[in-house]
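Subject: Structure for your files

Hello,

Here is the structure you asked for, with notes on what turned up in it. Please keep it open while you read.

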Amino acid sequence: MPKALLDFMGYTFYFYSEEGNEPVHVTKGKPSNNAAKFWIKRDSIELERRGNIPQKDLNRIQKYICANRADIIARWYEYFGL
């Protein structure tokens with residue numbers, strides 16, 4: 001079941017609770033199988049899959065994830081009890 005993290009520009013950021021080693025998923029509206037996927041790396045944010053999101057929005061989302069990476073990572077650890 002997806003766990004919502006943040007909302008930005010109408011997009012929902014979440015991860016799948018049964019997949020502890022998954023990237024951040026991003027969709028507009030409800031979670032879907034066609035979500036964009038971003039990996040949060042030590043020195044970068046990498047787009048794995050674009051989904052249905054326009055490139056202009058992807059660029060803004062990537063910057064937003066970078067600016068909020070510490071909060072996203074903290075929520076991930078909190079959720080999984082690590």
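The protein has two helices and five strands. Along the sequence they follow the pattern β-β-β-β-β-α-α. Please bear in mind that this is a predicted model. Of its 82 residues, 32% count as buried. The accessible surface comes to about 5,200 Å², and carbon and sulfur atoms account for 49% of that. Among contacts between residues at least 6 apart in sequence, 32% join residues at least 24 apart.

The core

The largest nonpolar core has 14 residues. Those with the most contacts inside this core are Phe 13, Val 26, Phe 38, Ile 53, Ile 61 and Ile 65. At least two core residues come from each of strand 2, strand 3, strand 4 (36-40) and helix 1. Helix 1 supplies the largest share, four residues.

Leaving aside neighbours within four places in sequence, Val 26 is in contact with Tyr 11, Thr 12, Phe 13, Tyr 14, Ala 35, Ala 36, Phe 38, Ile 53 and Ile 61. Of these, Phe 13, Phe 38, Ile 53 and Ile 61 are also named among the core residues with the most contacts.

The aromatic rings

A pair of aromatic rings is described by the distance of the centres and the angle of the planes. The structure holds three aromatic pairs. In one of them, the ring centres of Phe 8 and Tyr 64 are 4.0 Å apart and the planes are at 5 degrees, so this pair is stacked. Phe 8 lies in strand 1 (residues 2-8) and Tyr 64 in helix 1 (residues 55-67), so the pair ties together parts that are 56 residues apart in sequence. Phe 8 is partly exposed, with a relative accessible area of 22%.

Tyr 64 also pairs with Phe 13: the ring centres are 5.7 Å apart and the planes are at 55 degrees, so this pair is tilted. Phe 13 belongs to strand 2 (residues 11-16) and Tyr 64 to helix 1, so here the parts tied together are 51 residues apart in sequence. Phe 13 counts as buried because its relative accessibility is 0%, and the cut-off is under 20%. Through ring pairs, Phe 8, Phe 13 and Tyr 64 are linked into a cluster.

Another ring has a charged neighbour. Lys 28 lies over the face of Tyr 11, at 4.4 Å from the ring centre.

Which residues does His 25 touch, leaving aside its neighbours within four places in sequence? They are Thr 12, Phe 13, Tyr 14, Phe 15, Tyr 16, Ala 35, Ala 36 and Lys 37. His 25 is found in strand 3 and, at 2% relative accessibility, counts as buried. Its side chain reaches the backbone oxygen of Pro 23 at 3.0 Å. His 25 and Lys 37 are twelve residues apart in sequence, and their C-alpha atoms are 4.6 Å apart in space.

Thr 27 also lies in strand 3 (residues 24-28). At 4% relative accessibility, Thr 27 counts as buried. A polar atom of the Thr 27 side chain lies 3.3 Å from the backbone oxygen of Lys 30. Apart from neighbours within four places in sequence, Thr 27 is in contact with Gly 10, Tyr 11, Thr 12, Tyr 14, Ser 32 and Ala 35.

Thr 12 counts as buried at 16% relative accessibility. The side chain of Thr 12 makes a polar contact with the side chain of Asp 7, at 3.3 Å.

A backbone detail

Most residues other than glycine have a negative phi. Met 9 has a positive phi of about 55 degrees although it is not a glycine. Met 9 sits in the loop between strand 1 and strand 2. With a relative accessible area of 27%, Met 9 is partly exposed.

Regards

Notes
Residues are numbered from 1 along each chain as its sequence is written. This is a predicted model: local features need pLDDT of at least 70, side-chain atom pairs count only at pLDDT 80 or more; totals for chains, interfaces and linings use all residues. Side-chain values use heavy atoms; hydrogens and water are left out. Rings of Phe, Tyr and Trp (its six-membered ring) pair if their centres lie within 6.5 Å; planes under 30 degrees apart count as stacked, over 60 as edge-to-face and the rest as tilted. Buried means under 20% relative accessible area, exposed over 50%, partly exposed in between (1.4 Å probe, protein chains only). A charge sits over a ring if NZ of Lys or CZ of Arg is within 6 Å of the ring centre and within 35 degrees of the ring normal. Contact means heavy atoms within 4.5 Å. Accessible areas come from the Shrake-Rupley method with a 1.4 Å probe; for residues, only the protein chains shown count as cover. A polar contact is a pair of N or O atoms within 3.5 Å; within protein, one must be able to donate a hydrogen and the other to accept it, and residues adjacent in sequence count only if both atoms are side-chain atoms. A nonpolar core is a set of buried Ala, Val, Leu, Ile, Met, Phe, Trp, Tyr and Cys residues joined through side-chain atoms within 4.5 Å.
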